Amino acid sequence: MDEKPDQDARVQGQRSDEDHRLKARDAIGDILHRLERFGVEVRLFREEISVLVAPLQLQDVARTLRDEFKFDFLSSLTASDYWPQLEPRFHVVYQLYSHPYNIRLCLRVPVNDSDPVVPTVETVWPVANWHEREVFDMFGIRFEGHSDLRRILMPHDWEGYPLRKDYPLGYEEPQFTFNFEDIQIRKHRPTYEEA
Amino acid sequence: MLTQTEVALDELRHLVSDRALSGDTVLLNMGPQHPSTHGVLRLLLELDGETVINCIPDIGYLHTGIEKNMEAKTYLKAEVMTDRMDYLNTVGNNLVYCMAIEKLAELDVPPRALGVRVILTELQRIASHLVWLGTHALDLAAMSVFLYCFREREMILDILEMCSGQRMMTTYIRPGGLWRDTPVEFEDAVRQFLHIFPPRIDQYEALLTKNPIFMDRTKKIGVISGEEAVKWGLTGPSLRGSGVAYDLRKTSPYMGYEQYEFDIPIETSGDVYARYQVRMEEMRQSVRIVQQALDKLPFGPVRSENRKYVPPPRSELSTSMEAVIHHFKLWTEGFPLPEGAVYVPVESPRGELGCYLESNGGPKPHRVHFRTPSFVHLQALPLLSKGHLVADLVAIIGSVDIVLGDADR
């Protein structure tokens with residue numbers, strides 16, 4: 001008795017999978033066409049589509065993607081630090097997934113060093129809450145409109161943001177020929193000395 | 001001037017209801033050292049009698065800075081750190097990291113290596129589910145299940161030890177294939193396990209599935225609808241227990257999963273019992289996959305021939321100058337990866353395990369991030385536990401199957 005509905009659901013699942021694969025190909029074109037009005041930059045790398053979005057437009061883009069293209073699942077949210085480059089210093093990276101279409105999309109939001117603020121997407125995908133707290137904890141990027149922006153992994157009174165590139169790992173890196181210049185650049189920067 | 005404790009509490013003021021401030025409800029600290037939080041998880045509970053009004057998870061007690069440490073190591077050396085994240089799914093962690101490297105480097109993996117990878121990850125999935133089942137049942141006062149589960153888990157750990165020399169921290173999967181080929185006794189050991197294991201699942205089920213105490217404590221507890229579950233990012237068995245057929249092995253097959261026949265178990269009630277049923281069925285499906293993978297397992301090399309990323313075999317070192325150069329380069333500098341960023345998700349026993357790997361063209365990762373299912377599932381804990389008793393909270397924590405090493409990294 002119990003197994004029958006299971007099997008039905010599975011068969012249906014497989015059938016709709018094929019439909020969606022066909023739909024997905026059209027959908028990607030649609031999505032990129034639709035996002036054009038936001039003036040975004042699209043990159044394709046290793047079959048992954050990533051879209052560069054300005055911080056101010058992030059919430060609009062996120063809503064459009066969720067409501068019109070069923071990107072109902074925020075799969076991952078993280079950031080990357082490009083120090084010593086300061087403008088933009090960070091990229092906040094959103095990995096989206098659409099359950100109905102079975103497609104993935106990556107949003108990248110550049111953030112400057114002087115004012116690292118990004119609007120929150122917690123209102124669009126509630127799961128962003130902890131992810132944004134983690135990025136705040138590790139990179140010091142603030143999320144405007146976040147309901148509970150506290151440190152999450154580090155102790156609440158921790159100073160500094162560990163995953164920033166100018167935050168030392170705890171020991172000095174040996175300087176060889178292959179990383180000589182790399183380390184030399186870091187040595188002369190006063191911010192590194194302070195950190 | 002506030003003291004340190006007051007500052008710590010002040011931050012949480014907006015998370016509890018007003019009744020807590022007047023003393024109408026009680027704030028109770030559960031953990032971080034508590035046997036049923038499955039590790040060092042601290043929960044701040046707001047209780048009205050024994051009913052949970054609110055539950056505030058506090059994580060980070062097991063934070064070891066793995067992502068930061070990996071940035072300071074070459075790609076190959078950093079791999080050993082991935083084992084230490086989710087210590088019940090070590091093979092899966094290696095897999096997702098290696099797959100990210102392979103995607104970035106466009107590195108090919110020989111078919112035999114893929115087959116062995118499938119066998120080991122599915123065995124690891126069974127082992128992880130066994131630990132989950134044992135501890136979950138233990139939390140619900142079914143003591144003996146734990147002992148049976150660990151008996152079978154030991155067989156899987158023996159197989160892992162046979163292959164890699166390690167029971168848990170295997171680092172057996174390497175970029176471009178495997179560390180070495182499986183030993184001769186591997187196939188027999190796996191076949192013996194496949195022979196013994198399926199009836200044992202029936203034994204566990206005999207102890208729990210129709211057990212009235214177990215059913216009382218799990219049915220209609222911690223219910224979440226499919227829509228909510230997607231919204232809160234649940235994946236894996238926790239999502240499939242709510243009726244959403246999302247399994248990365250089916251939706252975006254990797255590592256040759258498309259050639260194996262298996263089903264995705266789904267339950268629709270979305271409670272603790274549904275998640276239990278899904279995991280039990282998943283173990284049976286994993287057995288099916290291992291069986292097919294073992295039957296189809298081809299002979300051949302287990303490592304890619306691309307010497308820019310994969311070290312040459314030891315035997316070549318005494319005869320080939322090039323092999324010596326490659327060996328030297330790989331073990332001193334490591335290999336550089338092309339500039340770019342990739343995101344690779346795989347289905348871990350707990351849900352979607354994703355690896356975001358970014359390279360700046362150097363021999364060390366510029367940024368590695370792991371999207372870990374435990375971290376995301378913990379976030380949904382307040383939602384699942386509101387209105388239930390403290391005793392049910394224990395069942396709910398068990399049912400979302402968290403590993404704190406996975407959540408804190």
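Predicted model: local features only at pLDDT ≥ 70, side-chain atom pairs only at ≥ 80, totals over all residues.

Q: Good. At what angle do H6(B) and helix H13 of chain B pack, and how far apart are their axes?
A: The angle is about 160°, and the axes are 9 Å apart. H13(B) covers residues 272-296.

Q: So what does that make their relative direction, parallel or antiparallel?
A: Roughly antiparallel, because angles over 145 degrees count that way. As for handedness, H6(B) and H13(B) cross in a left-handed sense.

Q: Which residues make that contact?
A: From H6(B), the residues include Val118(B), Ile119(B), Glu122(B) and Trp132(B). On H13(B), Arg279(B), Glu282(B), Met283(B) and Ile289(B) are among them. By class, the contact of H6(B) with H13(B) has 10 nonpolar, three polar and five charged residues.

Q: And how does H6(B) pack with H7(B), in angle and axis distance?
A: H6(B), residues 111-139, and H7(B), residues 143-164, pack at about 160° with their axes 8 Å apart. That makes H6(B) roughly antiparallel to H7(B). The crossing of H6(B) past H7(B) is left-handed.

Q: Who's touching whom there, H6(B) to H7(B)?
A: On the H6(B) side you'll find Leu130(B), Val131(B), Gly134(B) and Leu138(B), among others. They belong to a set that meets H7(B) residues including Phe146(B), Cys149(B), Phe150(B) and Arg153(B). In this contact of H6(B) with H7(B), 16 residues are nonpolar, two polar and two charged.

Q: Nice. Switching topic: how many residues does each chain give to the contact between B and A?
A: Chain B gives 40 residues and chain A gives 35. Elements of chain B that each supply two or more include helix H5 (90-105), strand S6 (340-348), strand S7 (351-359) and helix H15 (373-379). The chain B side divides into 18 nonpolar, 10 polar and 12 charged residues.

Q: What about domains in chain A?
A: The domain assignment gives domain 1 as 3-162 and domain 2 as 165-195. Their contact takes six residues from each of the two domains. On the domain 1 side, four of those residues are nonpolar, one is polar and one is charged.

Definitions and conventions: Residues numbered from 1 in each chain as written. Chains lettered and ligands numbered in written order. Axes fitted to C-alpha atoms, helices over the stretch in contact; angles between N-to-C directions. Helix = DSSP H or I, 4+ residues; strand = E, 2+ residues; numbered from the N terminus. Parallel < 35°, antiparallel > 145°, perpendicular 65-115°, else oblique. Left-handed = near helix turned anticlockwise from the far one by under 90°. Contact = placed C-beta atoms within 7 Å. Nonpolar A, V, L, I, M, F, W, Y, C, P; charged D, E, K, R; others polar. Domains from an automatic or database assignment.
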